[in-house]
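The sequence and structure come next.

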Amino acid sequence: MRLSVIGCGYVGLVTGACFAAAGHEVTCTDIDAERIRRLQAGEVPIYEQHLEEILSSARKDGRISYSADAGEAIRAGDAIFICVGTPPKESGEADLSAIDQVARQIAEQARSPKLVIEKSTVPARTGLELRRALAAYSSGGKSAFRVASNPEFLREGTAVGDFFHPDRIVVGVEEESAAADLREIYRPILEHKFHCPVHQGSCPTSQPAFLVTTINSAELIKHASNSFLALKISYANVISDLCERIGADVKEVTHAMGLDPRIGGQFLSAGLGFGGFCFPKDVQAFIHLAASVGVDFDLLKATERVNKQRIDRFLEKVHKALWVVKGKHVAVLGLAFKANTDDIRFAPALEVVKRLLEEGAMVHATDPEAISRTKALLPKVTYHEDPYEALRGADAALICTEWDVFRHLDWKRAKPLMARSLVVDGRNLYSPKHMRELGFEYHSFGRA
Ligand code: UGA
């Protein structure tokens, strides 16, 4: 099928690339003409595992193209995926102005009927507003567009694998024909007819559920899922605080909890808390949506509060260990909001670094992918590609992101480089016993 993708951020690029790899003809556009120029030149503006290889093979096969002209991109597809940003306003409410702008462009530029699919994360009822906007902006007020919601559940870092092997594909529609079109668009995924760059022939074979719902339900499913995962993390973090007071081990507790299939073991890792451009903003937007219809979502307010306190809890540990922070050389290992991404939006590490700088620490930071993005924001930090160089002369090592390179760091090698053998671990990467055997003063979350 011929598909258009509006918005070439994480969601749009992965969606466009994977649909092209699955055999569709895809045209992508973005308001940022420089981004389109780079994509046309074969550059990939974000780091996401396997994205570069699928984009380059789709490009060679002529299945993906880019245009800075939104009208051209809109006219190229029979179905249009809206993948533009919905950032939080000051109040926490999602800013939907980019969606409104795209609706206007589609209504004005399309020359034939289209299926318009919202993939951006939006509050419930946005689809209905989108339908109204498309009609209002169409000449004569009569819309030639069908609207659908198809929320994405991709995680940054594993987005390509998640796209090809989803647990569920949710399509919120108003008419049967829209569901049929979306089933056709997803047919290669449902029938496993694609070349998967991630698993190279040993792909999971389970069949994803294809769920057809109303548009309101589809939109709610997305927010309800992300908020529930965020709630799970905050729950684990409170359990971790309890473990510290009581003298229990949070890893033992959450592991045993997770063996109950009703609970599940994922998203129970205690530490610095959740960041990124999804959970913090989606939790806020969901609280706001609930309030707008008279539902007080106290549970989520607590989730948010617990998460914000994680940074304080971490810095309390740093203070306790270092006593005076001013003038100390602190090595920060990890800047990205989680491993396998260069994304630093709402990254807990950045808040930690800012607070340390404010207190007068000399911060030396390292990250496998996020240094160049961080440099512009935090120019007072000294950056090192090599983690051992960041640790040279350090009074303390602070672990802020759970990258595998940090998990497998050779602390025997690092110890003589450091001025003081102190590690404060915000991601519980190491065994406290092992670190102490190596001669480190080691602090982590929820473990003695
Ligand atoms: C999240 C969801 O997992 C995706 O399903 C969803 O599609 C996406 O948001 C989105 O809405 O676009 P993502 O933000 O990429 O994906 O990251 P996650 O892997 O979910 O991690 C979020 C944060 O939680 C990270 O900061 C991570 O370090 C933290 N986390 C995760 C914990 O602190 N503890 C855990 O046990 C798990």
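**Pocket, helix contact and cavities**

H1 and helix H5 (97-109) each supply at least two residues of the lining of the second largest pocket. The model is a predicted one. H1 also packs against H3, as set out below.

**Second largest pocket**

- The space in the second largest pocket is about 900 Å³.
- Its lining counts 39 residues, and those closest to the centre of the pocket are Gly9, Tyr10, Cys83, Val84 and Gly85.
- By class, the lining of the second largest pocket holds 18 nonpolar, 10 polar and 11 charged residues.

**Contact of H1 with H3**

- The axes of helix H1 (residues 10-21) and helix H3 (residues 51-60) come within 9 Å and cross at roughly 50 degrees.
- H1 and H3 are therefore oblique to each other.
- The crossing in which H1 passes H3 is left-handed.
- On the H1 side, Leu13, Val14, Ala17, Cys18, Ala20 and Ala21 make the contact; on the H3 side, Leu51, Ile54, Leu55 and Ala58 do.
- The residues of this contact comprise 10 nonpolar, no polar and no charged.

**Cavities**

- There are two cavities of 30 Å³ or more.
- The largest cavity holds about 50 Å³ of space.
- Its lining consists of 13 residues, with Thr86, Ala94, Lys281, Asp282 and Ala285 nearest the centre of the cavity.
- Helix H12 (residues 279-292) contributes the most to the lining of the largest cavity, with three residues.
- That lining divides into six nonpolar, four polar and three charged residues.

Notes
Residues are numbered from 1 along each chain as its sequence is written. This is a predicted model: local features need pLDDT of at least 70, side-chain atom pairs count only at pLDDT 80 or more; totals for chains, interfaces and linings use all residues. Side-chain values use heavy atoms; hydrogens and water are left out. Axes are lines fitted to C-alpha atoms, for helices over the stretch in contact, and angles run from 0 to 180 degrees between N-to-C directions. Helices (H or I, at least four residues) and strands (E, at least two) are DSSP runs, numbered from the N terminus. Angles under 35 degrees count as roughly parallel, over 145 as roughly antiparallel, 65 to 115 as roughly perpendicular and the rest as oblique. A crossing is left-handed if the near helix is turned anticlockwise from the far one by less than a right angle, and right-handed if clockwise. Contact means heavy atoms within 4.5 Å. Ala, Val, Leu, Ile, Met, Phe, Trp, Tyr, Cys and Pro count as nonpolar, Asp, Glu, Lys and Arg as charged, and the others, Gly among them, as polar. On a 1 Å grid over the protein atoms alone, a cavity is a set of points where a 1.4 Å probe fits but cannot get out, and a pocket is an open set with protein on both sides within 12 Å along at least five of seven lines; lining residues have an atom within 4 Å of a point. Grid points are joined across faces, edges and corners, and a volume is the space filled by probe spheres set on the points.
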